[in-house]
Amino acid sequence: MEAIKQMVDVVIPTYHPDQKFITLIHRLQQQSHPIHKIIIMNTEESVWKTAGMEEIENLPEVELHHVPQEEFDHGATRDLGIRYSKAPIVICMTQDAMPKHDSLAAQLLEGLKLPGVAVAYGRQLPTSDCDALECYTRSFNYPAGDQVKTQADLPKLGIKTFFSSNVCAAYRKDIYLQLGGFIHKTIFNEDMIFAAGAIDAGYGVAYCGKAEVVHAHHYTAMQQFRRNFDLAVSQADHPEVFARVSSEREGIRLVKQNMAYLCRVKKPNLIPKLVGISACKYVGYRMGKQYQKLPMWLVKGCTMNQNYWK
């Protein structure tokens with residue numbers, strides 16, 4: 001594991017980067033474990049130039065690659081970025097994930113030092129403007145503490161065994177390449193599909209509760225519908241991973257616990273919002289699971305990722 005101490009790269013896909021992204025780059029420069037290269041996989045060169053990112057592309061750590069919008073793919077674009085890297089460890093992040101401290105990389109590496117671990121992902125904390133619903137959802141999916149998940153956890157954890165997030169996740173590149181990397185042409189869930197393959201191959205997936213990033217979405221009910229539609233499309237396309245475990249049980253558990261939390265913190269007024277959003281998520285999920293039976297005009301009306309269907 002000596003190689004872990006030598007070189008770490010970060011891969012970040014971008015689209016319409018903004019000032020927050022510049023702050024992210026500066027925080028990566030300040031990590032206690034030095035980042036060797038920050039490989040940016042930007043969609044559309046014209047968008048990058050109009051965003052005023054000149055100060056970023058001239059940094060010595062930055063390696064910038066542009067991808068035409070029609071060629072962007074959640075799995076293939078990240079895979080290309082990882083293959084550009086010469087480092088034994090590659091951290092995948094998103095452009096809106098902000099490291100909470102300067103030990104983010106070091107904490108992820110601690111997870112990768114554990115025997116048999118192929119990928120280590122971090123904890124996502126809510127932003128300061130999140131409501132109680134989003135705050136609880138973050139704590140439900142990303143609790144305090146550490147965990148290593150293996151095949152032995154499938155009966156107990158179900159779908160959560162494969163859970164991993166490229167919002168902030170570190171990969172052993174040798175194992176990554178050995179397993180074939182991220183699947184190409186995927187609408188969603190390339191991180192979970194890879195994690196499932198790693199677990200099936202006998203490796204572990206580590207959750208590092210001290211590797212914290214601030215990251216949250218403020219989706220409307222319709223956006224939640226579209227996101228869950230795409231999530232279910234990815235599950236329908238990969239029954240080898242998702243047919244053996246149920247996602248619905250975990251979703252129901254989240255709704256029940258979220259409702260109890262709202263009562264506990266004396267915010268029952270948010271329960272109607274929870275019910276409405278949960279209904280949109282469920283309908284989107286059920287339609288996505290059956291997307292092959294739907295007309296293409298309806299599929300395109302439901303998806304969040306229009307380019308996937310071109």
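Reader: In this predicted model, which residues does Phe-21 touch, not counting residues up to four places away in sequence?

Author: The model is predicted, and contact here means heavy atoms within 4.5 Å. With residues up to four places away in sequence not counted, the residues that Phe-21 touches are Ile-12, Thr-14, Ile-40, Trp-48, Met-53, Ile-56 and Gln-95.

Reader: Which residues touch the most other members of the largest nonpolar core, and which elements give two or more residues to this core?

Author: In soluble globular proteins, nonpolar side chains tend to be buried together. The largest nonpolar core has 35 residues, and those touching the most other members are Ile-12, Phe-21, Ile-25, Ile-56 and Met-93. Two or more residues of this core come from each of the elements β1 (8-14), α1 (19-29), β2 (37-43), β4 (89-93), α5 (104-112), β6 (117-125), β8 (168-172) and β9 (204-214).

Reader: How many residues are in the second, separate core?

Author: Among the members of this second core, which is separate, are Ile-39, Ile-82, Ala-196 and Tyr-203. The number of residues in the second core is 32.

Reader: Is Lys-185, with its positive phi, buried, partly exposed or exposed?

Author: Lys-185 lies in the loop between α8 (173-178) and α9 (190-200), and its phi is near 55°, a positive value in a residue other than glycine. Because its relative accessibility is 47%, Lys-185 counts as partly exposed.

Reader: What is the relative accessible area of Lys-266?

Author: Lys-266 is placed in the loop between α12 (248-264) and α13 (271-289), with a positive phi near 60° in a residue other than glycine. Exposed means over 50%, and Lys-266 is therefore exposed, its relative accessible area being 72%.

Key: Residues numbered from 1 in each chain as written. Predicted model: local features only at pLDDT ≥ 70, side-chain atom pairs only at ≥ 80, totals over all residues. Heavy atoms only, no water. Core = buried A, V, L, I, M, F, W, Y, C linked by side-chain atoms within 4.5 Å. Buried < 20%, exposed > 50% of the residue type's maximum accessible area, 1.4 Å probe, protein only. Helix = DSSP H or I, 4+ residues; strand = E, 2+ residues; numbered from the N terminus.
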